[in-house]
Amino acid sequence: MKSNQYTLISIEGNIGSGKSTLLKLMQQKYPDLRFIPEPVNEWQCINGDPSLNLLGSFYEDSTRWAYTMQVYAFYSRLKHWKEVLSDPINPEERHLILSERSIEADKEIFAVNGHKNGLINKLEFALYEKFYDWLCEEVFGKKIQKQMIIYLQVDPEVCHQRMQKRARDEEKNTISKEYLTQIHNRHEEWLLRETHKNTSILVLNGDQEFETDLKQQQQMFEGIDNFLK
Ligand code: TTP
């Protein structure tokens, strides 16, 4: 691998599957990686103004806001990526970047699902794809040499229970089990049935509680350690 190239490791999975928890645990275990958290809080409060809540608007009127939500998710993620990629490279580092979801997942999961179920119309999807293709090439170019995906596969019913427990205001009464099943099916299609170039995929079952169950955690990390070797 060239000195300015990275491998991207992204944690993928349904809403409420436990990606943030896994990212936090991985941050503790592998402090030598670069990390990119997901900028959800930026979607809830544009310009620091809680009355400009894009995530809330999206769930209140998904057809009106789905395209805008995806454009802004793309923009905010790209901004973080640029920052991380512009940090000087330490000659000792492992050239691995760990991220909660990825720009590709935002498109493959949320934009494609929104397009399939009519929340994003044909014109909006064509525009989204145009700047997606161009900007990804501009920002990543040859910097990401390889991609590794950790797919946290969780039953949509379990995701629903975890979501109720964390009770994010915007999602509480708006995300149905049907929507979680759609998002789950889209993950399965994208990660298990479509072909991927230059990408390895680890499927981890996350149905069992793993935040507090150390035995379960240890089992998951055996898989992750092997995958990252
Ligand atoms: P997730 O990326 O699933 O994050 P999470 O915090 O729910 O994940 P976990 O519980 O596994 O830690 O989504 C955050 C919210 O943003 C969720 O309501 C779905 C929404 N969203 C979109 O609508 N479009 C997008 O492109 C993304 C990335 C998220």
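1. The radius of gyration is taken here over C-alpha atoms, and the globule rule sets it at 2.2 Å times the number of residues to the power 0.38. For the 229 residues of this predicted model, a compact globule would have a radius of gyration near 17 Å, and the protein agrees because its value is 17 Å. The C-alpha trace spans about 50 × 40 × 40 Å along its principal axes.

2. The protein has nine helices and five strands. Along the sequence they follow the pattern β-α-β-α-α-α-β-α-α-β-α-α-β-α. Among contacts between residues at least 6 apart in sequence, 81% join residues at least 24 apart.

3. Of the 229 residues, 30% count as buried. The largest nonpolar core has 44 residues, and Phe-58, Ala-66, Ile-97, Ile-150, Tyr-151 and Leu-152 have the most contacts inside it. Helix 4 gives the most to this core, six residues.

4. Tyr-151 also deserves a look for its partners beyond four places in sequence: Glu-12, Gly-13, His-187, Leu-191, Ile-201, Leu-202, Val-203 and Leu-204 are in contact with Tyr-151.

5. Around the ligand there are 18 residues, of which Ile-15, Lys-19, Ser-20, Asp-106 and Phe-110 come nearest. Helix 1 (19–29), helix 3 (54–60), helix 4 (62–86) and helix 5 (103–116) each give two or more residues to this shell. The largest share, three residues, comes from helix 4. By class, the shell has seven nonpolar, six polar and five charged residues.

6. Helix 6 covers residues 122–140; at 1.5 Å a residue its 19 residues should span 27 Å, which agrees with the 26 Å between its end C-alpha atoms. Gly-141 follows helix 6 and has a positive phi, near 40°.

Technical notes: Residues are numbered from 1 along each chain as its sequence is written. This is a predicted model: local features need pLDDT of at least 70, side-chain atom pairs count only at pLDDT 80 or more; totals for chains, interfaces and linings use all residues. A residue is near a molecule or strand if its C-beta atom, placed from the backbone, lies within 6 Å of it. Helices (H or I, at least four residues) and strands (E, at least two) are DSSP runs, numbered from the N terminus. Ala, Val, Leu, Ile, Met, Phe, Trp, Tyr, Cys and Pro count as nonpolar, Asp, Glu, Lys and Arg as charged, and the others, Gly among them, as polar. The expected span of a helix is 1.5 Å times one less than its number of residues. A nonpolar core is a set of buried Ala, Val, Leu, Ile, Met, Phe, Trp, Tyr and Cys residues joined through C-beta atoms within 7 Å. A residue is buried if 20 or more other C-beta atoms lie within 10 Å of its own, exposed if 12 or fewer, and partly exposed in between; C-beta atoms are placed from the backbone. Two residues are in contact if their C-beta atoms, placed from the backbone, lie within 7 Å.
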